[in-house]
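Here is a short report for a first look at this structure. It covers a ligand site and a pair of helices.

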Amino acid sequence: MNTKKITELLVELEEDKVYDAVDEAIAAGVSGREILKASQAAMATIGEMYKREEAFVADMMFAGEIMRNILTRIQPLLEKEGGKGATLGKAIIGTVKGDIHDLGKDVVMIALEGNGFEVIDLGVDVPPEKFVEALKNNPDAKVVGLSVFLTSAFPSTEKTVKAIADSGKRGQVKIMVGGAPVTEVVARETGCDYFAEDAAAGVSFTRSVYGV
Ligand code: B12
């Protein structure tokens, strides 16, 4: 089955039809990963349309809702594909202060959990102190994942890294960062260790930190 239909229907915000297409794809044996890829492509297109003023915030909001429902549908597949169950290590993840985009973070969380990692999810709009507190409460966590979708939230990314350093915990963890506007340069300039282009890269990085 061609997952292009999922991308097209999501871009058109055809809610019911896109769920039907997803269900069809699942029934046809398409992997959760493929369905996720098709949905992400649509979200990127909607973002471009917003930039060109061809879509509004309300459209992004609706697209976000639909994407969340798609995620709910494919979560069991993603977990099965990853092999959930083992505990290879622990990661703390959150969307930085000033930013409320949570879908990217949640996909990373599902991918990490699916690959056998325990994830402490701090949610969205997370102030630096909350990351520090989570690290204190979870001294065995070796990875922190920051999600950032707004360029205006880059300063809070930097502040988060700094707060972790000031708390004396920087040596304990590797910090990875991801989100639509993030690049390797942003990762470096905000003091993070790694730029993760997608959830799979985040999983590989976490694996490498834990040596598994
Ligand atoms: C949906 C959406 C929204 C929804 C969010 C819904 C939700 N629950 O998350 C709503 C409507 C709330 C929203 C609001 C706004 N948004 Co918005 N939004 C989007 C949109 C269209 C899709 C984002 C998304 O969910 N993608 C789906 C995810 C699953 O896909 P993904 O990004 O590929 O995720 C992967 C990677 O990014 C990576 N990753 C992400 N985080 C992390 C973290 C770690 C640790 C790792 C390892 C990897 C990783 O792994 C993910 C999985 O593979 C983007 C467009 C885009 N290009 O991203 C704009 C976009 C991010 N939004 C934008 C803007 C401007 C806004 C608003 C300011 C609009 C406004 N005027 O109000 C507000 C800001 C609100 C706030 N304070 O945060 C801009 C940001 C521009 C910029 N460079 O700063 C974008 C880029 C649109 C655009 N092209 O202009 N938005």
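Predicted model: local features only at pLDDT ≥ 70, side-chain atom pairs only at ≥ 80, totals over all residues.

**The ligand site**

The ligand is surrounded by 39 residues. The closest are G47, G104, G145, G178 and G202. Six elements are listed as giving two or more residues each to the shell: helix 3 (32-51), helix 4 (57-82), helix 5 (103-114), strand 3 (143-147), strand 4 (174-178) and helix 9 (199-210). Helix 3 gives the largest share, eight residues. By class, the shell has 22 nonpolar residues, eleven polar ones and six charged ones.

**A helix pair**

Helix 1 (residues 4-11) and helix 2 (residues 15-27) have axes that come within 9 Å. These axes cross at roughly 165°. That makes helix 1 roughly antiparallel to helix 2, because angles over 145 degrees count as such. The crossing of helix 1 past helix 2 is left-handed. Both helices supply residues to the contact, as the table shows.

| Helix | Residues in the contact |
|---|---|
| Helix 1 | K5, I6, L9 and L10 |
| Helix 2 | K17, V18, A21, V22 and A25 |

Which classes make up this contact of helix 1 with helix 2? Seven of its residues are nonpolar and two are charged. No polar residues take part in the contact.

Methods
Residues numbered from 1 in each chain as written. Axes fitted to C-alpha atoms, helices over the stretch in contact; angles between N-to-C directions. Helix = DSSP H or I, 4+ residues; strand = E, 2+ residues; numbered from the N terminus. Parallel < 35°, antiparallel > 145°, perpendicular 65-115°, else oblique. Left-handed = near helix turned anticlockwise from the far one by under 90°. Contact = placed C-beta atoms within 7 Å. Nonpolar A, V, L, I, M, F, W, Y, C, P; charged D, E, K, R; others polar. Near = placed C-beta within 6 Å.
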